[in-house]
Amino acid sequence: MLQPRAALPAFLQIEPVGRCNLRCRMCPVQFREHPGSSPALLDFEAFRTVLDGFPGLTELHLQGLGEPLMHPRFFDMVRHAAARGIAVSTNTNLTLLTPARAEQAADCGLAEISVSLDAASSPLYESIRLGARLPRVLRNLHRLMTARARAQSPPRVRIVMVLMRRNLHELSRMVELAAGSGVDGLFVQRLCHDFSESSLPPAYASMREFVSAEALGEADREETEAVFEAARARAEALGVVLRLPRIAPRPPHAPGSPRCDWPWRGAYVSCRGEAMPCCMVATPDRACLGDMLRDGVEAVWNGPAYRDFRAGLLDDAPAEICRTCSLYQGTF
């Protein structure tokens, strides 16, 4: 049974670029790029069209799987949305931040920049973010913080660390790195994507093996608790705002309420206009609920695919991609 129509959300995530300059071992963006496929860049006018479809928008996150600084008009997108009074945020691996881009990032109207950084030592960081070099990222972070210090309306800057077995013991060192760089905080999240669906192509096998080997689980709980306790103490001593993920799942949710409310409170649109239930889906081949550029925002948001997807979340019979998702399980 289809769910009632839902109000258009105030939060939107748009992926301006569907490709990346890195090959991170837990990221499926590498499987999007096929010879002969259309460029994975959202046209600026298409961006405006999608944005106009959400008249009550207050928050926009400009990033998906790809590296947003690869888009030649990324800062124009930020300025356009910020001029409408929308709070704009982004995530970046920071490898492409030139001095000129650092000045633009500080002055374009961004409200928040999250820097993906998973380790404080080069060999470990570079074993996760293939193609990146830690000294370059730290140099670029310094450029950003220097430019921010001169900006009239500076963005918040935080480091985002994807936690896994291989970098768990780097956590306190990451707290120290955050303190030394002057960022506004360290946000730690689990390695949370799940790629166990039988429908996924064989190309995903290496990534699936990496995620399976590196994702922290119940067997790691005691060690994780000890590392978290030490990191909290170090953060308190250094005055670092530290956000850590849950170690244990949340208590059971109330009957009749969804475990996850993403498909009600926010929309996620790929660089080609495809609507996905949330950012955790990663690529539209896993779950696509319609084409907002072709069919319009309202028609897709309250179309049969979206409403049926919401019904599954309410009935505890979600789509396969949700069942082992960290958000759905409450451990994100």
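1. Helices (H or I, at least four residues) and strands (E, at least two) are DSSP runs, numbered from the N terminus. On that basis the protein has 14 helices and 11 strands. The model is predicted, so that local features need pLDDT of at least 70 and side-chain atom pairs count only at pLDDT 80 or more, while totals for chains, interfaces and linings use all residues. Residues are numbered from 1 along each chain as its sequence is written, and side-chain values use heavy atoms, with hydrogens and water left out.

2. Overall figures. Of the 332 residues, 54% count as buried; buried means under 20% relative accessible area, exposed over 50%, and partly exposed in between (1.4 Å probe, protein chains only). The protein exposes about 14500 Å², of which carbon and sulfur atoms supply 52%. These areas come from the Shrake-Rupley method with a 1.4 Å probe, and for residues only the protein chains shown count as cover. Among contacts (heavy atoms within 4.5 Å) with a separation of 6 or more, 73% join residues 24 or more positions apart.

3. Helices α1 and α2. Helix α1 (residues 44-52) packs on helix α2 (residues 74-83) at an angle of about 30°, and the axes are 11 Å apart. Axes are lines fitted to C-alpha atoms, for helices over the stretch in contact, and angles run from 0 to 180 degrees between N-to-C directions. The two helices α1 and α2 are therefore roughly parallel; angles under 35 degrees count as roughly parallel, over 145 as roughly antiparallel, 65 to 115 as roughly perpendicular and the rest as oblique. From α1, residues F44, F47, R48 and L51 meet D76, M77, H80 and A81 of α2. By class, this contact of α1 with α2 holds 5 nonpolar, 1 polar and 2 charged residues. Ala, Val, Leu, Ile, Met, Phe, Trp, Tyr, Cys and Pro count as nonpolar, Asp, Glu, Lys and Arg as charged, and the others, Gly among them, as polar.

4. Helices α6 and α8. The axes of α6 (residues 171-181) and α8 (residues 221-238) come within 8 Å and cross at roughly 20°, so α6 and α8 are roughly parallel to each other. On the α6 side the contact is made by L171, S172, V175, E176 and A179, and on the α8 side by V227, F228, A230, A231, R234, A235 and L238. The contact of α6 with α8 divides into 9 nonpolar, 1 polar and 2 charged residues.

5. Helices α3 and α5. Here α3 packs against α5 (residues 134-150) at about 45°, with the axes 8 Å apart, which makes α3 oblique to α5. P99, A102, E103, A105 and A106 of α3 meet R143, L144, A147, R148 and R150 of α5. The residues in the contact of α3 with α5 are 6 nonpolar, no polar and 4 charged.

6. Positive phi. L94, in the loop between β4 (87-92) and α3 (99-107), has a positive phi near 65° although it is a residue other than glycine. L94 counts as buried, at 1% relative accessibility. A282, which is not a glycine either, has a positive phi of about 80°. A282 lies in the loop between β11 (275-276) and α10 (292-295) and is buried, with a relative accessible area of 0%.

7. Residue I321. I321 is placed in helix α13 (residues 320-323) and is buried, with a relative accessible area of 12%. I321 and M280 are 41 residues apart in sequence, and their C-alpha atoms are 8.9 Å apart in space.
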